[in-house]
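Welcome! Have the chain open in your viewer, and take your time turning it around as you read.

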Amino acid sequence: MDKIYIRGGNPLHGRVDIGGSKNDSLAIMAAALLVPGKTVLQNVPRNLDVHTLIDIFRHLGVQSSFLQNGRLEIDATKVTNSTAPHDLVRQMRASFNILGALLARSGYASVAMPGGCDFGARPVNFHIKGLEQLGCKLNLEHGVYTGEVKRFEGANIYLEFPSAGTTQHLMIAACCANGRTVIENCAMEPEVINLAFFLNACGATIDGAGTPTITIDGAQELHPTEFAILPDRLQASTYALAAAITGGDVLIANAIPSHCGPVLAKLAETGVEITTTGEGIRVRRTGKILPTDIKTMPHPGFPTDIQQPFASLLSLADGVSMVTETVYESRFRYTTELEKLGADIRVEGRNAKITGVQKLSGAPVSCTDLRGGAAMVVAGLAAEGETEIDGLEHLDRGYEDLVVKLRGLGAHVSRGSERAVVGGLKVCSV
Ligand code: EPU
């Protein structure tokens with residue numbers, strides 16, 4: 001199994017180009033199942049989750065292929081099978097959004113309970129309740145949902161929590177429903193807004209995406225289009241943290257500053273200099289890292305996906321910081337790994353108290369989940385000596401060309417089944 005080897009301590013410098021968003025791609029790909037014909041998506045990242053969804057599509061009779069320049073063509077002229085392969089669906093949470101699309105398209109679907117990163121219980125009750133409110137009958141047997149619907153019927157739906165996946169799933173299901181659907185207490189993530197732009201470009205009528213109330217007037221049929229996936233705000237934030245923790249100076253090109261707003265605001269509180277330019281976001285640190293508190297919230301609050309790599313930065317702050325996780329039941333498993341690098345973290349329930357240390361030192365660590373892996377990489381870039389990271393199947397779900405991009409910024413990092421020995425050094429090297 002591959003590992004990533006990092007010899008930390010090198011300030012990152014230069015420019016990194018941010019690719020397309022995993023979460024935006026997965027939602028829009030699921031929506032493309034609704035659209036008879038060939039949808040073309042620009043800027044799709046070639047990460048593990050995207051490939052898993054392409055595999056799922058193949059089982060449904062929907063062929064997808066990468067064209068030039070990161071464009072993905074999805075040919076959903078016909079959907080010949082509405083039973084999604086359970087083992088593949090269980091590999092990631094976002095695959096569950098195909099349930100609504102398959103029901104709308106074929107009137108029948110069978111999709112397993114999804115998997116994904118382990119942050120404690122991750123139920124799908126909001127999805128199911130919403131689909132049932134749209135008039136679908138669903139049965140759960142042996143971990144598999146099976147449903148039937150002639151045509152979804154518009155409904156008024158209130159979400160108990162502004163769940164990103166549920167908002168997206170119900171938008172997809174409702175856009176070909178009979179009549180109007182109003183969803184309240186919606187998620188307001190950029191990926192929700194972009195999904196509405198995509199569906200509207202295909203002929204849907206969706207209003208209010210980006211606010212707590214979304215109104216969808218059902219269309220008879222959608223038509224294919226070519227559409228651009230957003231730059232990945234979570235990758236952009238991760239590179240910002242990598243630049244900050246190493247005391248570097250990096251231009252994060254293509255990043256949309258407003259999508260990273262809460263992360264940039266908190267980075268500024270730690271003493272990092274942030275400049276937004278026409279090209280992206282420049283992140284530079286010359287002074288010490290100041291402590292700060294972060295509390296994760298649904299968008300536009302601080303993103304839960306970035307509390308993990310942000311904790312790596314706070315591990316080296318000059319004082320005590322508090323990280324509070326409110327979105328997930330449990331997203332602190334990575335702290336045990338961070339402690340192996342010398343971090344001082346005490347977790348109590350949904351809070352992690354981080355007392356900054358003078359230095360981190362390299363050690364073998366594991367990715368506990370996708371962003372937990374990002375936390376290891378960010379910490380490893382600043383740690384003295386070698387950090388050896390395993391469990392890369394998590395990181396590969398969301399970070400495309402990570403090692404190449406970090407090397408481009410001057411990091412001493414390599415990937416392989418064995419550590420590279422260069423110039424007699426028993427460490428990885430560029
Ligand atoms: N929830 C329920 N019932 C539901 C749905 C959600 O209780 O039916 C709870 C969840 O357990 C969680 C909270 O609601 O406690 C928020 O979950 P949400 O539905 O918003 O999350 P998601 O749609 O499953 C997406 C991203 C996650 C990101 C969250 C929150 C994708 C593919 N995933 O997940 O991304 O953490 O929104 O912003 O878009 C990641 O990229 O590393 C990642 C985990």
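What follows is a short tour of this structure, grouped by topic.

Please keep in mind that this is a predicted model. We begin with helices, go on to one residue inside a helix, and then look at aromatic rings, cysteines and some backbone details.

**Two helices side by side**

- Two packed helices are described by the angle between their axes and the distance between the axes.
- Helix α1 covers residues 22–32 and helix α2 covers residues 48–59; their axes lie 10 Å apart and meet at an angle of about 10°.
- Angles under 35 degrees count as roughly parallel, and α1 and α2 are therefore roughly parallel to each other.
- On the α1 side, the contact is made by K22, S25, L26, M29 and A30. On the α2 side, D49, V50, L53, I54 and F57 take part.
- Sorted by class, this contact of α1 with α2 has seven nonpolar residues, one polar residue and two charged residues.

**Two mostly covered helices**

- Helix α6 spans residues 164–174, and nine of its 11 residues are buried.
- The buried residues of α6 are T166, T167, Q168, H169, L170, M171, I172, A173 and A174.
- How many of the 11 residues of α10 are buried? The count for α10 is 11 of 11, and this helix too is described as mostly covered.
- The buried residues of α10 include D305, Q307 and Q308, along with I306, F310, L313 and L314.

- You can find V89 in helix α3.
- Is V89 buried or exposed? With a relative accessible area of 0%, V89 is buried.
- Leaving out residues up to four places away in sequence, V89 touches I56, A84, S95, V111, A112, M113, P114 and G115.
- V89 and T52 are 37 residues apart in sequence, while their C-alpha atoms are 8.3 Å apart in space.

**Aromatic pairs**

- Searching the whole structure turns up four aromatic pairs. Two of them are described here.
- F96 and Y145 are both buried.
- Another pair is formed by F198 and F227: the ring centres are 5.5 Å apart and the planes are at 70°, so this pair is edge-to-face.
- F198 belongs to helix α7 (residues 190–201) and F227 to strand β13 (residues 226–228), so the pair links distant parts of the chain, 29 residues apart.
- F198 and F227 are buried.

**Cysteines**

- How many disulfides does a search of the whole structure find? The search finds zero.
- C136 is in no disulfide, and the nearest cysteine sulfur, that of C176, is 15 Å away. C136 counts as buried, at 4% relative accessibility.
- C202 is in no disulfide either; for C202, the nearest cysteine sulfur is that of C175, 8.3 Å away. C202 counts as buried, at 0% relative accessibility.

**Backbone details**

- H299 and P300 are joined by a cis peptide bond, with omega about 10°.
- P300 lies in the loop between β17 (294–295) and α10 (304–314).
- N69 is not a glycine, yet its phi is positive, about 60°.
- Look for N69 in the loop between β4 (63–66) and β5 (72–75). At 71% relative accessibility, N69 counts as exposed.
- H142 is a residue other than glycine with a positive phi, near 50°.
- The place of H142 is the loop between β7 (137–141) and β8. Its relative accessible area is 74%, and H142 is exposed.

Methods
Residues numbered from 1 in each chain as written. Predicted model: local features only at pLDDT ≥ 70, side-chain atom pairs only at ≥ 80, totals over all residues. Heavy atoms only, no water. Axes fitted to C-alpha atoms, helices over the stretch in contact; angles between N-to-C directions. Helix = DSSP H or I, 4+ residues; strand = E, 2+ residues; numbered from the N terminus. Parallel < 35°, antiparallel > 145°, perpendicular 65-115°, else oblique. Contact = heavy atoms within 4.5 Å. Nonpolar A, V, L, I, M, F, W, Y, C, P; charged D, E, K, R; others polar. Disulfide = S-S within 2.5 Å. Buried < 20%, exposed > 50% of the residue type's maximum accessible area, 1.4 Å probe, protein only. Phe/Tyr/Trp six-rings, centres within 6.5 Å; stacked < 30°, edge-to-face > 60°.
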